[in-house]
Amino acid sequence: MPPRLELRNITKSYPGIIANDDISMSIMPGEIHAVLGENGAGKSTLMKIIYGAAQADSGEIFCDGKPVAAHTPATSRALGIEMVYQHFALFESVTVVENIALAVSSTFDLDALARQITELSNRYGMPIDPHRRVHDLSVGERQRVEIVRCLLQAPKLLILDEPTSVLTPQAVVKLFETLRQLASEGCSIVYISHKLDEVQELCDTATVLRNGKVTGTARPKESTSAQLARMMVGAELPEMHVSPSVPSDKPVLEVRGLTAPARDQYGVELKNVSFEVRGGEIVGLAGVSGNGQAELISLLSGERTHPNALAIQIDGKAAAHLNASERRKLGMAFVPEERLGRGAVPPHALWQNAVLTAHRAGLVRNGLVDRKQASSFAAGIIERFKVKANGPQSIAQSLSGGNLQKFIVGREIALEPKLFLVAQPTWGVDVGAAAFIRQTIVDLSRSGAAVLVISEELDELFEICDRLLVICQGQVSPPLIRTKTNREEIGLLMTRVDRGNGSNGRAEVAIQD
Amino acid sequence: MAAPVIATGLTLLVGSLLFAVLGYDPLATLQAFFIAPLNSLNGLSEWLLKASPLILIACGLAVGFRANVWNIGAEGQLIIGAIAACGVGLFYPDPDSILLLPLMFFAGAIAGMAWAAIPAFLRARMNTNEILVTLMLTYIATLLLSWLVHGPWRDPAGFNYPQTALLSAAAMFEPFDYAYRLNASVFITVVAVFLMWLFTDRSFLGYKMSVSGAAPLAARYAGFRESAAVWTGLLAGGAAAGIAGMAEVSGPLGQLSPQISPGYGFAAIIVAFIGRLNAFGIVLGGLLMSLLFLGGEAVQMNLGLSAALTRIFQGILLFFLLAADFFIFYRLRRIPEHA
Ligand SMILES: Nc1ncnc2c1ncn2[C@@H]1O[C@H](COP(=O)(O)OP(=O)(O)OP(=O)(O)O)[C@@H](O)[C@H]1O
Ligand SMILES: [Mg+2]
């Protein structure tokens with residue numbers, strides 16, 4: 001039997017970097033194959049080449065033994081190849097079902113397609129409402145749309161580029177069941193993830209890339225995650241040091257009775273949210289995506305303002321009515337969950353993206369941008385956070401996902417904030433860099449900053465947080481001390497059923513059991 | 001860099017065909033269109049005279065366009081600027097004061113900005129569409145001008161022509177040579193080009209506007225006010241157009257009449273895009289557009305081509321230029337049929 005997919009000597013270079021260097025590998029029908037590697041190792045590039053979204057400089061691709069020449073995503077789909085991009089490729093201004101119809105294109109019966117989507121997505125534990133507009137969806141919801149789009153096609157080869165980065169643990173379990181089912185029916189799966197436990201659970205074989213080259217293969221089920229990590233990073237992972245926290249007397253962030261209407265009919269209303277974060281401690285906000293995190297974070301960051309100025313206080317000053325820039329003046333810094341388009345301007349160079357929030361740190365003088373300062377500021381971040389980029393001149397959208405994330409986190413931490421808000425800090429970041437980012441966040445807090453981490457990854461929250469909050473249907477639980485709670489308690493709070501209004505569509509999305 | 005070359009080549013080809021089919025000698029026509037107008041000192045003077053307002057206005061408009069603020073009413077802002085400047089020139093108590101010209105300059109700039117402030121206010125406060133408002137205000141400005149020159153401001157000694165009295169010498173820019181019309185106002189454009197470059201390329205405010213244009217969510221994330229981009233964009237366009245209007249009355253016109261602009265305000269939109277919204281490109285775009293104006297007039301007078309035909313030819317060139325630009329950024333590909 002010929003392999004489902006065979007790559008021979010694939011090479012692709014971008015200006016200043018060889019993203020894929022002479023890569024060969026093959027995947028049999030029904031095989032679940034992991035591609036592992038550090039940020040910037042060339043994984044996404046290779047996947048785009050397989051899918052036809054990018055063209056290799058040299059090398060050959062065979063599908064079921066037949067050469068694939070000069071293909072595009074459309075011809076790939078015709079061959080039965082589907083891909084979930086790391087940075088989603090959805091049309092923002094139209095609805096979910098219209099997006100999917102564009103990719104499926106065989107049918108324009110939107111009603112039937114919408115029914116199919118609802119049915120399939122519920123079956124796979126990734127409920128989505130086919131009639132919502134994509135620009136209203138959270139990152140987690142968009143990821144569900146991408147996955148459901150691919151599953152609708154009954155593919156022969158499915159490429160998943162970090163599909164679980166923002167899925168809930170429950171949805172991941174369902175997804176894995178589905179993928180195993182697909183594989184048993186003969187579909188081959190290429191799976192990219194930085195979460196090694198997932199890889200061990202799911203994948204039969206793995207190819208490891210480093211600096212664009214294949215550096216080894218592995219059988220994940222027979223290896224430990226430490227072994228896999230060493231193959232990827234080429235070194236042992238650093239140990240985390242979490243020293244005990246010494247919280248300040250006064251809270252740095254104080255939220256009192258924050259109530260806010262939903263942004264739109266699909267948003268979540270925040271109900272009487274109160275909590276505080278003190279200097280020197282890390283507070284985690286756990287919750288299933290779509291339970292009001294987006295609303296809360298935009299109100300905390302100042303992207304949305306609130307008429308009751310006292311509902312949010314930063315460092316003792318009323319702040320709810322201030323915009324993001326004014327809150328930053330009070331010592332706030334913020335890492336949003338979307339890195340492209342929100343945390344960074346995609347077509348701008350890194351030095352320009354440094355100016356975005358670091359303009360107060362001496363990068364602007366007499367109303368003029370000081371390019372030298374901005375470049376050296378960006379170069380500092382690139383060096384300290386080991387961002388793989390061609391230097392401050394690199395365009396943000398040319399960076400690999402994890403490297404842009406490192407840059408944004410680095411930029412915000414370099415501002416030495418008093419209050420640090422961070423959503424999904426290690427989303428898409430490789431194990432080595434994730435450990436470094438977590439350590440830096442811990443160090444930041446121990447030097448006196450108040451840190452609020454919003455994450456769906458309970459492991460991450462348990463590793464670094466001192467106290468935990470849980471958000472569910474727009475309500476925030478009282479704080480739990482990390483050492484006095486456990487995953488089960490948090491998990492229960494995350495999916496708490498509010499029996500009173502459990503019948504509307506909102507609750508369906510929020511509850512996943 | 002390939003885009004302009006391809007576009008020019010295509011235009012010459014299609015244009016030659018067009019002329020040949022209609023019985024004109026293509027080579028002679030093209031020569032009369034592009035080369036003859038620049039063959040004399042007077043031609044050069046006219047070329048720069050017409051390019052100057054186009055470049056000036058395009059610079060102002062591009063500031064807004066970069067932040068997705070679509071001011072298409074520069075024509076109206078130009079007219080209002082011209083009215084205000086001329087009003088100062090006519091009614092200032094001392095018609096020989098050396099203060100007159102500077103005063104008219106500021107009157108033109110402020111009036112243009114005030115006219116652009118209306119759509120800015122409406123967009124920033126009530127989120128109205130600035131494309132519609134700026135365009136509508138252009139009609140109002142045109143009618144206001146018409147009413148003034150037919151009514152209250154009509155020159156009593158002007159044999160009932162709908163025009164104002166001529167401005168005094170102190171209210172006019174001095175031509176470099178009295179044989180030609182080109183005057184010192186071109187220096188305003190030179191300064192504007194430099195300021196535009198400084199603003200968009202170096203200044204923090206210009207940086208914020210480019211963020212607003214490229215990624216509105218990132219602008220909100222950083223706390224850059226959208227309303228600041230709207231105000232800056234519209235006021236920059238309004239000021240530039242108002243000054244251009246002033247330079248017209250204080251330059252080639254010397255008075256107001258119902259028709260004071262051959263559509264500079266609209267043509268400048270195209271100039272801004274041909275120049276890809278950057279200062280240097282706008283200079284080239286303005287020179288080209290001005291040459292098209294001159295060449296069009298020249299072939300009408302010398303070869304008897306109809307006005308419609310010259311406009312078609314101008315349209316073809318601009319169309320190819322903008323289309324070539326578009327296809328450089330977006331490649332069309334045939335997608336095989338499937339499913
Ligand atoms: N369009 C592009 N222009 C220039 N360089 C690029 C482009 N796309 C990718 N690169 C570079 O190619 C290298 C590989 O990128 P790629 O996205 O494949 O990494 P990755 O393995 O997917 O990393 P991550 O785990 O962070 O997603 C990176 O150094 C990146 O900067
Ligand atoms: Mg990637």
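**View 1. Chain A and its three domains.** Chain A is divided into domain 1 (5-233), domain 2 (238-331 + 418-513) and domain 3 (342-416), with bounds from an automatic or database domain assignment. This is a predicted model: local features need pLDDT of at least 70, side-chain atom pairs count only at pLDDT 80 or more, and totals for chains, interfaces and linings use all residues. Residues are numbered from 1 along each chain as its sequence is written, chains are lettered from A and ligands numbered from 1 in the order written, and side-chain values use heavy atoms, leaving out hydrogens and water.

**View 2. Domain 2 against domain 3 in chain A.** Taken over C-alpha atoms, the centres of these two domains of chain A are 25 Å apart. Their contact (heavy atoms within 4.5 Å) takes 18 residues from domain 2 and 13 residues from domain 3. Together they bury about 1300 Å², 60% of it on carbon and sulfur atoms; buried area is the accessible area (1.4 Å probe) that two parts lose on being put together, summed over both.

View 3. Ligand 1 lies between domain 1 (5-233) and domain 3 (342-416) of chain A, because both give residues to its shell. Of the 20 residues around the ligand (a heavy atom within 4 Å), those that come nearest are Gly40(A), Ser44(A), Thr45(A), Ser400(A) and Gly402(A).

**View 4. Polar side chains at ligand 1.** Look here for pairs of N or O atoms within 3.5 Å. Oxygen atoms of ligand 1 lie 2.5 Å from a polar side-chain atom of Thr45(A), 2.7 Å from a side-chain N or O atom of Ser44(A) and 2.9 Å from one of Gln86(A). The protein covers 87% of the 640 Å² of accessible area that ligand 1 has on its own (Shrake-Rupley method, 1.4 Å probe).

**View 5. Where chain A meets chain B.** The contact takes 35 residues from chain A and 22 residues from chain B. About 2300 Å² is buried between the chains, 62% of it on carbon and sulfur atoms. Glu303(A), Leu356(A) and Arg371(A) supply 20% of the area that chain A buries against chain B, more than any other three residues.

Terms used: Polar contact = N/O pair within 3.5 Å; in protein donor to acceptor, adjacent residues only side chain to side chain.
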